[in-house]
Amino acid sequence: MGYFYRLYLQQSLTTTVGNNIVEDFVKFDWDYVNGKQSKHNWGPLTSNLLFIAMEGNVTPCHYDEQENFFAQVQGYKRCILFPPNQFECLYPYPVHHPHDRQSMVDFERPEYSRFPKFRNAKGFEAVIGPGEVLYIPIYWWHHVESLMKGGPTITVNFWYKGGPTTIEYPLKDHQKVSITRNVEKMLLEVLQDPKEVGPLLRAMVLGRYTE
């Protein structure tokens, strides 16, 4: 039985990628992205990544801690986005896990017995093609698939740090996700053993903050 491999390239856009790619990249509409950065008071641009994928490639659902402009150069991608308030429906890996910030749910074959709240997840779907830019807000989940049309896909993203945080109550959903991550990180730092984090959290919550 033969095997079919789908190749995927993720590369930081620096001078090491070659002069032809750099020359194309500098022709991007920088006034557009810089204008959005200024309008929304984001922090500085941190990096640009080049993604090249074969048809059918899937990037599992995850969220990033930066603002993201997702610019499609070639081919078509289907993006399913979920706002931060869907956190408990998407079951992220623990912060110490290599797949931190990624959903444990396999969207193709979801295990509802293990992840029952995934049935209640509500998101938004977008298909983007050449010349289109998708804005993925900070802490928004996104599941991305290269569609089986148009050949390999090429995408360039623009990552910006989030703007200054103003604490206002009630807290926004993305702020709650950030707090959750920080609590988990602090417990792990103190306990020094990932296996102790879950039992301690359950002891803190069960019977006290649960019905």
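Reply: The chain holds five helices and nine strands, where helices (H or I, at least four residues) and strands (E, at least two) are DSSP runs, numbered from the N terminus. Read from the N terminus on, the order of these elements is β-α-α-β-β-β-β-α-β-β-β-β-α-α. This is a predicted model, in which local features need pLDDT of at least 70 and side-chain atom pairs count only at pLDDT 80 or more, while totals for chains, interfaces and linings use all residues. Residues are numbered from 1 along each chain as its sequence is written, and side-chain values use heavy atoms, with hydrogens and water left out.

Leaving aside residues up to four places away in sequence, Y135 touches W42, E67, N68, F69 and L81, a contact being heavy atoms within 4.5 Å. From C-alpha to C-alpha, Y135 and F70 are 6.2 Å apart in space, although 65 residues apart in sequence.

For the chain as a whole, 83% of the contacts between residues at least 6 apart in sequence join residues at least 24 apart. Of the 211 residues in the chain, 35% are buried. The C-alpha trace spans about 60 × 55 × 30 Å along its principal axes.

The domain assignment gives domain 1 (8-164) and domain 2 (168-210), with bounds that come from an automatic or database domain assignment. The centres of domain 1 and domain 2, taken over C-alpha atoms, lie 26 Å apart. Across the boundary, 12 residues of domain 1 are in contact with 10 residues of domain 2. Between them the two domains bury about 1000 Å², with 68% of it on carbon and sulfur atoms; buried area here is the accessible area (1.4 Å probe) that two parts lose on being put together, summed over both. V95, H96 and Y139 supply 50% of the area that domain 1 buries against domain 2, more than any other three residues.

How values were computed
Buried means under 20% relative accessible area, exposed over 50%, partly exposed in between (1.4 Å probe, protein chains only).
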